[in-house]
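Thanks, everyone, for making time this morning. Please have the model open while I talk.

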Amino acid sequence: MLILREWAKVEDDCRKAIQLDKTSAKGHYMLGLALMQRKEHAEGIRELEKALDLGRGADPKSNIVDEIWQELAKAKYLEWEHASTKRSWELQNLKEACEIALKQKYSLDDYETEGFVDEASATLIDQLKTLESVFQIAQDADTLQEVPDYLCCKITLDLFRDPVITPSGLTYERSVIMEHISKVGKFDPITREALDEDQLIPNLAIKEAVQAFLSKHGWAYRTD
């Protein structure tokens, strides 16, 4: 395990390497790792994302592409976890403050009639229930749930990273379907129709849908 001082040297070496070759997936990858180790999370994530794009462009089946994704997913999950904890704490404090304010608003003086007390109590209970539902909606984005099937590969059942569509209209994870074609046979694993690598087309609509889902549900980056 490299110590912090050694990661600083890795960062310096990577920046020099990238100046010579800006398309180096490995250079951006190692720079991203170094930045993450040095707690420069935002820049580290940007470098990992750049490395992933470059790696996919060079060789989608390369082992380094999967390594980069794993590190990026880990970084994005930690980013979400930190933000989620902060949001949860802030929401809880805000909820408690709102509850106190409502109870103070409907606090009753000794001289008020019993009928009015009952009416005020009922109103308070209704508003507290409404408040609870509002804050529950605010917490839903950070609540783990099932990932929609259409965002998952039909072979691995995992969330898409780099989806491609076949002539038959089915969408698969690029590296998975390419491995199938290479090692199992040149046919669609579900329809059994003939299929070659050059027939695979990036499914940009699904890719955008996955990114939109992840932007709202960062917990889905969790890989274990």
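This is a predicted model: local features need pLDDT of at least 70, side-chain atom pairs count only at pLDDT 80 or more; totals for chains, interfaces and linings use all residues.

Residues are numbered from 1 along each chain as its sequence is written, and side-chain values use heavy atoms, with hydrogens and water left out.

Helix α2, residues 25-37, reaches 18 Å from its first C-alpha to its last, helices being DSSP runs of H or I with at least four residues, numbered from the N terminus. Of its 13 residues, 10 are buried, that is, under 20% relative accessible area with a 1.4 Å probe, protein chains only; among them are His28, Tyr29, Leu33 and Met36. Just after α2, Lys39 takes a positive phi of about 70 degrees.

How do α2 and α3 lie relative to each other, parallel or antiparallel? The axes of α2 and α3, residues 41-58, come within 8 Å and cross at roughly 160 degrees, with axes fitted to C-alpha atoms over the stretch in contact and angles running from 0 to 180 degrees between N-to-C directions. The two are therefore roughly antiparallel, the term for angles over 145 degrees.

Turning to α4, residues 63-105, α2 packs against it at about 25 degrees, with the axes 11 Å apart. That makes α2 roughly parallel to α4, as angles under 35 degrees count as such. Here Lys26, Tyr29, Leu33 and Met36 of α2 meet Ile64, Glu67, Ile68, Glu71 and Ala75 of α4, contact meaning heavy atoms within 4.5 Å.

Notes. The expected span of a helix is 1.5 Å times one less than its number of residues. Buried means under 20% relative accessible area, exposed over 50%, partly exposed in between (1.4 Å probe, protein chains only). Angles under 35 degrees count as roughly parallel, over 145 as roughly antiparallel, 65 to 115 as roughly perpendicular and the rest as oblique.
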